[in-house]
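Here is a friendly walk through one protein chain, from a single side chain out to the whole fold. Please keep the view open as you read.

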Amino acid sequence: MSMSDSDTSSQGGSEYKTFRQISRDRLLYEMLRSAKTGDSKSSWKVLIMDKVTVKIMSYACKMADITDEGVSLVEDIHKRRQPLPAMDAIYFIQPTKENIVIFLSDMSGRSPLYKKAFVFFSSPVARELVNHVKRDGSVLSRIGALREMNLEYFAIDSQGFITDNERALEDLFGDEESSRKGDACLNLMANRIGTVFASLREFPYVRYRAPKSLDPTTMTTFRDLIPTKLAAGVWNSLMKYKSNLPNFPQSETCELLILDRSIDQIAPVIHEWTYDAMCHDLLNMEGNKYVHEIPGKNGGVPEKKEVLLEDHDPIWLELRHAHIADASERLHEKMTNFVSKNKAAQIHGSRDGGELSTRDLQKMVQALPQYSEQIEKLSLHVDIAGKINKIIRETGLKEVGQLEQDLVFADAGTKELINFLRIKEDVSRENKLRLLMIYAAVYPEKFEDDKISKLMELARLSPDDRTAVYNMRLLEASSETKKSSIVPFSLKFDAHKKHAARKDRPGEEVKWQLSRFYPMIEELVEKLSKGELPTNDYPCMNEPSRSFHGTPGSPSASLRTGQVPAPHSMRSRRPSTWARPRNSDDGYSSDSILRHASSDFKKMGQRIFVFIVGGATRSELRVCHKLSTKLQREIVLGSSSIDDPPQFITKLKLMAADELSLDDLQI
């Protein structure tokens, strides 16, 4: 069974499916369900995966989805397994020699571990490995399927994926440039990006950031050629799929823009004030896992409960891209509305009409079991928002955030930073470090006159914190670049704002003073969509015709403002104050978000994929959701990893630290 173009293309079929929906459907239906053949239709199966494919599966599907497709047991191919000769097995594995050897060992001889094997490879398998399998006659008769799924990426979001190259920043941008390490990293990345397009049956125009050093007398560094090399690797992969994969489009269906971390050094370290970003930045979460403390029954020891902050939670889906003040306000409204409509909730609520405590909410759950799920979800988010707001107050984060924004927009400079560091001695070490990293990105020339090292002394930064600041230079745009349009913010500003790393965008109303900052990809994607991205700076592997912009065919396809709420970009028109008025419209209720999330995608133009080498940020993911609604095209963000500021800073410290281990570093 193979997918037809209409199943996956962004233009085909009546029902539009998002990037992650297609990935999930392929794993569940094309792979797991296709193993239900003949006499095995009713029987349970074993699913065997390796450490990469188990992550692919866990990002795209839930355990309940897998069980629904007849899988009763999930096993690790590298661990000793119990023989189950009466059961069929589905192998979802990388096409490595080691995996093939283990598979043959499982299924050969007189006593195979399983009755029949359905084998699915995550990426193209080498011919010699297929021949290796075919040579074993006893195994051949026990194989129900031997197929390439071409799905070796990690769908971290409905519109985002990673290739899981966690060391990309270190391997590709590090001080000690190692071409062998770098090429291996880019090769794996290119192959995994290729499987995204094979899986979706999309053939992209491939655009990439050109080398910045345009002077023929200057030697181009490996670092400068990263997007070029990756684009070539992706192109080679696409050409193979175009020749060999059934139903792979023969003409272009979408656009891919390959960038690297040098296009925006500020986004990974500046404080992003949305609910999602604040959760991951301030709460020491492990991935999307949050540990929620619930009061014990009858005043006993509090219970700890792990919850996942993901799309299946309608409140998370509604609030994740909202400013933290807005999110807190809406949560308060939801709780107030719920209590006012339920007399039992009023009895068990706060006696003095003040804020509801977690214990009050727990009493409500016991008194109103029919609403337990609703109250527990609200209770969870009230708890999270409360913790975030407490951290913001206790660490003086609003003042730090204001200075960050002012440095980026050139409303503050060296003098203001010195004053801040002198007066605010109680500001945390990490926040001082982040301010100095932003300063280094805005004023790279200050490395030369020793100004940055003096500021680091004033901030009393530790040696490894100083390493992070110095390593910002490894991501710096070259001097030639600054004269070119390759960096979108090299525009003419007011004379006194010549150092502005951003300018306020015309037509973009700033809703929150602390949210003026926008990631650079917002401008680049808009230019790409309009066909205005300069080809000198962003060449195309396919050399497209001038007429291709991939915009929706007719004006009727555009979203009529105010009619349907944006499914993801929650920063719609808002007053430019810390908290918004309380007259929340129903378009922002959690149910309405879920109801309209898919309908907004019905009439979409061709997809745009943006890939950032060296780690993407939550602000960049948010922008992709926002632009999908604005441009009426699904914008999919890919990267080697998704990094919250503490992770990014750790990686920067490791870039020039051969002898340093993660245990030596403080964050």
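Glu 634 sits in strand 13, which covers residues 633–639. Helices (H or I, at least four residues) and strands (E, at least two) are DSSP runs, numbered from the N terminus. This is a predicted model, in which local features need pLDDT of at least 70 and side-chain atom pairs count only at pLDDT 80 or more, while totals for chains, interfaces and linings use all residues. Residues are numbered from 1 along each chain as its sequence is written, and side-chain values use heavy atoms, with hydrogens and water left out.

Is Glu 634 buried or exposed? Glu 634 counts as buried because its relative accessibility is 0%; buried means under 20% relative accessible area, exposed over 50%, and partly exposed in between (1.4 Å probe, protein chains only).

| Partner of the Glu 634 side chain | Distance |
|---|---|
| Tyr 16, side chain | 2.6 Å |

Now to helix 17, residues 397–408. Of its 12 residues, 9 are buried, so the helix is largely enclosed by the rest of the structure. Among the buried ones are Leu 397, Val 400, Leu 403 and Leu 407, along with the polar Glu 404, Gln 405 and Asp 406. After the helix comes Ala 410, with a positive phi near 60 degrees.

Next, the nonpolar cores, each a set of buried Ala, Val, Leu, Ile, Met, Phe, Trp, Tyr and Cys residues joined through side-chain atoms within 4.5 Å. The largest has 152 residues, and those touching the most other members include Phe 92, Leu 172, Met 189 and Tyr 275. Leaving aside residues up to four places away in sequence, Leu 172 touches Gly 182, Cys 185, Leu 186, Met 189, Phe 222, Arg 223, Ile 226 and Val 613. A second, separate core of 24 residues includes Ile 102, Phe 103, Val 119 and Val 133.

Finally, the chain as a whole. It has 26 helices and 13 strands, and 57% of its 667 residues count as buried. Among contacts (heavy atoms within 4.5 Å) with a separation of 6 or more, 79% are between residues 24 or more positions apart.

Conventions: Polar contact = N/O pair within 3.5 Å; in protein donor to acceptor, adjacent residues only side chain to side chain.
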